[in-house]
Amino acid sequence: TDSLPSAVTFVDANGTDTWTCTYVAPTVTCDDGGSGLAPGAAATITIRTTVNSGLSAPIVNVATATSPAQTTDFGAVQETADHLTDNTGKVTTSVGGSPFDLVLSTVTDNPDPAAPGQTVKYTIVAVNAGTQDADPVKIAIQLPNSASATFENADGSNGFNCSAPDATGLLTCVGPLPAGGDTTITVTETVLLGLIPPADLTLTATIDPPYAGHPTGDWAEANEGNNTKTEVTTVSGTTCFNCVDLVTTELTAVPGVIGTSTTFTARVVNVGDTSTALDGTTQALARLQIVAVSGSFNVGTVTYSDPAFASLCTATTVPLAGPFTQYTLTCKGNLGPSGGLTITVPVTSVTGDLGAVWQADPSNLITSSTTPPEFREDNNVLIITVLKLF
């Protein structure tokens, strides 16, 4: 039986197999016609209604499996008391034209304020507050002005993947949002040095963004007013003019086959307004060292975000005193204003713990007294340790 809520008007009802339904307002009653239900068997009842106008509250509907002849306290089918609790089902349906409500919940930044040359991480949380799954869902992120900050990376959780930003600084993350589900997007930017005074950073995120021919996006939502949030990061502190600032913005190790392989990703950026002006042939721009403690490893094919650096980087692998193996990749060449280099180093056959050091300007050629000078020396080195049983 299903006593329909007053918010809807009955249209029709049907059952599978021999089941039939009748309607005496406000109740729909369906029975098996005497055929019964074998162990493990199921019947599906479909009741169609129309939603009455003027609603503002959710619709709650309750259906109950019972017996037409209550010959005992437990019904004609003689169910035991501990089995009666699952005889009732309830569903809540949102109103407002759609069971979807995609919400851009929060956007936060860290640090704020940020100094020129610092890296800022934005954390964006989006949820599906509706009652039905939405897949795929887009989240559009308008990055800060490229004259103020340079993009480093973006990652999503719970199945969301992010593209690289386009020429306008817009990146898109796409994934599924089940009813009640959420995703967290992290975006990393490095503050540039060239603007005097420094310009604040503005990032805007929109879930289910509108586009040509779709003014409300891909999903008809109960509330379109909670889809966008903006975060402003204050940039303060001294900046530079006619200077260089090499920043090692990333050094990560992503596991491959657990315990035996990993992939190192290292990135260096010149956030200054002047080229590094190294000679490009003998002077080192950056150096990555990977050391195995009490073990060894093999290095696969190294890839570069700028293929020109493939001929400007050289590698050596040598045993050190004691049970150590060291791999060194030294890259020469130059980086212009806002220029960056990302290298990816796959490592296999790992037999010990690994340590890695990523250093910009490893020979300390660009100092505060050279021309052009380096603005900061405290952001040139990153170090990580990777245990074999990661």
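This note covers the nonpolar cores and the salt bridges of the structure.

1. The model is predicted: local features need pLDDT of at least 70, side-chain atom pairs count only at pLDDT 80 or more, and totals for chains, interfaces and linings use all residues. Residues are numbered from 1 along each chain as its sequence is written, and side-chain values use heavy atoms, with hydrogens and water left out.

2. Start with the largest nonpolar core, which has 32 residues. Such a core is a set of buried Ala, Val, Leu, Ile, Met, Phe, Trp, Tyr and Cys residues joined through side-chain atoms within 4.5 Å. Buried means under 20% relative accessible area, exposed over 50%, partly exposed in between (1.4 Å probe, protein chains only). Ile290, Tyr304, Leu329 and Val345 have the most contacts inside this core. Strands supplying at least two of its residues include strand 19 (286–293) and strand 23 (324–331). Strands are DSSP runs of E, at least two residues, numbered from the N terminus.

3. Now the salt bridges: the structure holds four. Each needs a side-chain nitrogen of Lys or Arg within 4 Å of a carboxyl oxygen of Asp or Glu. One joins Asp12 and Arg48 (2.6 Å, N to O). Asp12 is in strand 2 and Arg48 in strand 5, 36 residues apart. Asp12 is partly exposed at 24%, and Arg48 is partly exposed at 47%.

4. Asp378 and Arg376 also form a salt bridge (3.0 Å, N to O). Asp378 is exposed at 61%. Arg376 is partly exposed at 21%.

How values were computed
Helix = DSSP H or I, 4+ residues; strand = E, 2+ residues; numbered from the N terminus.
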